[in-house]
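Please look over the protein chain shown here.

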Amino acid sequence: GRVVDAFEEWFAGYAADPAKELSRTFEDVQGYDDIVMLREIEVESHCEHHMAPFLGKAYVAYMPTNRVVGISKLARVVEIFSKRLQTQET
């Protein structure tokens with residue numbers, strides 16, 4: 001049971017929808033004419049080849065056009081993808 005619970009936690013990203021997180025935006029972007037960047041987001045994930053854990057840091061940046069995504073949503077999307085199997089290089 002503990003192993004099942006651990007796997008559910010480690011790979012919870014498959015049950016979450018990153019598009020849903022990014023759909024919550026601020027529409028008033030007047031005054032936003034520069035890049036939005038979130039740096040050094042702690043990442044804990046698992047290698048898809050070996051299922052071995054690895055750690056890293058993610059950096060996310062984008063240029064807003066019509067809407068702005070909140071910083072917490074960017075971190076949440078990184079968390080969703082980090083809780084899925086992947087290659088370290090990705």
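The report below takes up confidence, strand pairing and surface charge in turn.

## Model and confidence

This is a predicted model, in which local features need pLDDT of at least 70, side-chain atom pairs count only at pLDDT 80 or more, and totals for chains, interfaces and linings use all residues. Residues are numbered from 1 along each chain as its sequence is written, and side-chain values use heavy atoms, with hydrogens and water left out.

The chain has a mean pLDDT (the predictor's confidence in each residue, from 0 to 100) of 90. Of its residues, 98% reach 70 or more. Helices (H or I, at least four residues) and strands (E, at least two) are DSSP runs, numbered from the N terminus.

## The sheet

Three strands make an open sheet in the order β3-β2-β5, with mixed pairing. β3 and β5 (85–86) are the edges; each has a single partner strand, so one side of each lacks a neighbour in the sheet. Strands count as paired if DSSP finds at least two bridges between them.

β2 (residues 36–47) runs antiparallel to β3 (residues 53–62) over 9 bridges. Ile41 is bridged to Ala58 of β3. Glu44 stands opposite Leu55, and Ser45 has Phe54 as its bridge partner.

β2 and β5 pair in the parallel sense over 2 bridges. His46 has Leu85 of β5 as its bridge partner.

## Surface charge

Asp5, Glu8, Glu9 and Glu44 form a negative surface patch. Patch residues have over 30% relative accessible area and no salt bridge, with like charges joined within 9 Å. Accessible areas use the Shrake-Rupley method with a 1.4 Å probe. A salt bridge puts a side-chain nitrogen of Lys or Arg within 4 Å of a carboxyl oxygen of Asp or Glu.

Helix α1 gives the largest share of the patch, 3 residues. Asp5 lies in α1.

Definitions and conventions: Patches are made of residues with over 30% relative accessible area and no salt bridge: like charges are joined within 9 Å, nonpolar side chains (Val, Leu, Ile, Met, Phe, Trp, Tyr) within 5 Å. Lys and Arg count as positive and Asp and Glu as negative; His and the chain ends are not counted. The place of a charge is taken as NZ of Lys, CZ of Arg, CG of Asp or CD of Glu.
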